Amino acid sequence: MAYVAGSSAGRDGTRPGPRGKDVPLAERTSLSARARDAVRQRIVDRRYPQGARLVEREVAEELRMSRVPVREALRALVGEGLLELLPHSGVRVRRLERADVEHLYEVWEPLAVQASRLAARRVARAAPGELPGTAALRSSLDRAEQAARADEGAREVAAHTAFHEDIVALSGNPMLARTMEQLSGQLQLLFGMREEPEHMRAQHAVMFRYIAAGDEESAAASTLLHVRDSRTVALRSLFDDA
């Protein structure tokens, strides 16, 4: 699989497209983003299992896209840590080893705690009804509970991921948001691989209550407990830790 694009953009901001047609750069970027989201979702829900080799041509055919946006999508997912380059050519879905999980939690823990603290601070400083972000948090919690009752694991993972992303959005810190975006795919993959005990779903409700009340230190403390419990559950589920 040829992984590095060999063509360059023309002066008008286009690149050669399928069948000799030029694709505007903005359109190609949009296609690349769609391809990235589609491949990421297939990794998260394990349609592309860990260790699976992804062939650019086959992925493009599956997504019904040309190879250029797919090539760029795969490159982006290497950067996110969901794919890894093979020694000679191509990519494969990265296997999460114990060290990978440990490193991920070491980075996520302080970021998640700070996101909750900042989100609660913004709520405390806002006028009543000014921040719609708390409604998004409540909606994510409700979707997670509905999915759990229906035993729809993939939908529950999506809702839990959205809950944490909503906290970051509510924090109002764009640098934190950009940093967390780099971890998003790996966190989704991890959430989908481990079980979600009921007490951890209850912890989300506690986090929400403190954030919505504008209690930043309690929001931070409840998030710290949640992330550390999540780490314990992940290591137990994936590596049979006692």
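Helices are DSSP runs of H or I with at least four residues, numbered from the N terminus; by this rule S222 is found in helix α9, residues 216-239. The views below show a predicted model.

Figure 1. When neighbours within four places in sequence are left aside, the contacts of S222 are V206, M207 and Y210.

**Figure 2. Overall arrangement of the chain.** The predicted chain contains 9 helices and 5 strands. Along the sequence these elements follow the order β-β-α-β-α-α-β-β-α-α-α-α-α-α. Of the 242 residues in the chain, 46% are buried. The accessible surface amounts to about 12700 Å², and carbon and sulfur atoms account for 50% of this surface. Among contacts between residues at least 6 apart in sequence, 70% link residues that are at least 24 apart.

**Figure 3. The largest nonpolar core.** This core comprises 55 residues, and V39, L54 and W108 are the members that touch the most others. Helix α4, residues 98-125, makes the greatest contribution to the core, with 11 residues. With residues up to four places away in sequence not counted, V39 touches Y48, L54, V59, L63, L74 and L77.

**Figure 4. Strand β3 around L54.** L54 lies in strand β3, which covers residues 53-54. Its relative accessibility is 4%, so L54 counts as buried. Although L54 and V91 are 37 residues apart along the chain, their C-alpha atoms are separated by 5.7 Å. L54 is also among the residues touched by V39.

**Figure 5. Helix α3 and the residue that follows.** Helix α3 consists of 14 residues, 67-80. The buried residues of α3 are V68, P69, V70, R71, E72, A73, L74, L77 and E80. Two of these, L74 and L77, are touched by V39. After α3 comes G81, which has a positive phi near 90°.

**Figure 6. The largest cavity.** Rolling a probe the size of a water molecule over the atoms shows where empty space is left. The model has 1 cavity of 30 Å³ or more. The volume of the largest cavity is about 50 Å³. Its lining is formed by W108, A112, A115, S116, H164, I167, V168, M180, M207 and T223. Helices α4 and α6 (153-171) each provide at least two lining residues, and α4 supplies the largest share, 4 residues. Within this lining, W108 is also one of the residues that touch the most other members of the largest nonpolar core, while M207 is also in contact with S222.

**Figure 7. The largest pocket.** The largest pocket has a volume of about 280 Å³. It is lined by 16 residues, of which E165, M180, E181, Q182 and S184 are the closest to the pocket centre. Two or more lining residues come from each of α1 (25-44), α6 and α7 (174-193). Helix α7 gives the most to the lining of the pocket, with 9 residues. M180, one of the residues closest to the pocket centre, also belongs to the lining of the largest cavity.

How values were computed. Residues numbered from 1 in each chain as written. Predicted model: local features only at pLDDT ≥ 70, side-chain atom pairs only at ≥ 80, totals over all residues. Heavy atoms only, no water. Expected span 1.5 Å × (residues − 1). Buried < 20%, exposed > 50% of the residue type's maximum accessible area, 1.4 Å probe, protein only. Contact = heavy atoms within 4.5 Å. Areas by Shrake-Rupley, 256 points an atom, 1.4 Å probe, with all protein chains shown as cover. Core = buried A, V, L, I, M, F, W, Y, C linked by side-chain atoms within 4.5 Å. 1 Å grid on protein atoms, 1.4 Å probe; cavity = no way out; pocket = protein on both sides within 12 Å on 5 of 7 lines; lining within 4 Å. Points joined across faces, edges and corners; volume = space filled by probe spheres on them.
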